[in-house]
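Subject: Structure for you to look at

Dear colleague,

I am passing on a structure that you have not seen before, and my notes follow it. Please keep it open beside the text as you read.

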Amino acid sequence: MTTRTCISLALAIALATSAGAAEAPTVSPARSAAEAGLVDIRTRAPGIALDIRYATSNNFTGRPVPGYEAAACYLLPPVADALAKVERQLRSQGHALQVHDCYRPVRSVQAFVAWARDPHETSRKAMQYPHVDKSRLFAEGYIAEQSGHSRAATVDVGLMQCEAGRCTPLDMGTDFDFFGMRAHTAADGLSTLQQANRTYLLQAMAAAGFANYPKEWWHYTFQPEPDPHTAYDVPVD
């Protein structure tokens, strides 16, 4: 199977599964991660690298996002187990994951929506959506009123190369949360190395049951979702 065929198949699976999750989930009344049954990924993969940008100002909104009180990664247990499996496999091959986001509170999604509807806040446009008008972010599929992240089964990850105990991010063609066609997993115009890195990540994640969202090379949802009808709004702390 060719690289392009592998990517096309994975994208087809992602489109089919995302269509089944279109129904709005019920928001759990849980008030803490423990009450919601969420687990910290580092209980499964202690050394996994976290770059949780929504807990900082280094994200497309230009400020820490409500709901992210700590730079932590919470997931439902089967999803955390699967992600830890990917990390172990990559480590055995001299690579590793860099995790940018995991569970995302409903309140954080609402903050993204409010930001997207504010035409005056464009402080990060040049860095993260230079070729897309902010008013088009909903229509283009980069911002949504609901997020699979809130169901604790979706992750945003990058790929790193590890040598002599040190891991450095690989060139994936764009940064995380770049809104534009170049971030599409099978985008045209990538270098051979950039496409190879995306394909390697895609195959590693798919082997553990994760399907990619075709407009974001970093975005993966575990399939089948453990609880596709429940979202959470407990803080990441």
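Asp177 lies in the loop between strand S7 (166–169) and H6, where helices (H or I, at least four residues) and strands (E, at least two) are DSSP runs, numbered from the N terminus. This is a predicted model, in which local features need pLDDT of at least 70 and side-chain atom pairs count only at pLDDT 80 or more, while totals for chains, interfaces and linings use all residues. Residues are numbered from 1 along each chain as its sequence is written, and side-chain values use heavy atoms, with hydrogens and water left out.

Asp177 has a positive phi of about 60 degrees although it is not a glycine, and at 4% relative accessibility it counts as buried (under 20% relative accessible area, with exposed over 50% and partly exposed in between, for a 1.4 Å probe and protein chains only). Ala152, in the loop between helix H5 (125–128) and S6, also has a positive phi, near 65 degrees, and is buried with a relative accessible area of 0%.

Ala152 is among the residues that Leu38 touches, as are Tyr74, Tyr103 and Tyr232, contact meaning heavy atoms within 4.5 Å. Leu38 is itself one of the four residues, with Leu83, Met205 and Phe210, that touch the most other members of the largest nonpolar core, which has 60 residues; such a core is a set of buried Ala, Val, Leu, Ile, Met, Phe, Trp, Tyr and Cys residues joined through side-chain atoms within 4.5 Å. The elements that give two or more residues to this core include helix H3 (77–92) and helix H6 (192–207), and H3 gives the most, with seven residues.

How do these two helices meet? In H3, Leu83, Lys85, Val86 and Leu90 meet Tyr200, Ala204, Met205 and Ala207 in H6, a contact that by class has seven nonpolar, no polar and one charged residues (Ala, Val, Leu, Ile, Met, Phe, Trp, Tyr, Cys and Pro count as nonpolar, Asp, Glu, Lys and Arg as charged, and the others, Gly among them, as polar).

Elsewhere, a cis peptide bond with omega of about -10 degrees joins Gln223 and Pro224, and Pro224 lies in the loop between S9 and strand S10 (230–231). Thr26, in strand S1 (residues 26–27), counts as exposed at 56% relative accessibility, and touches His229, Thr230 and Ala231, not counting residues up to four places away in sequence.

With best wishes
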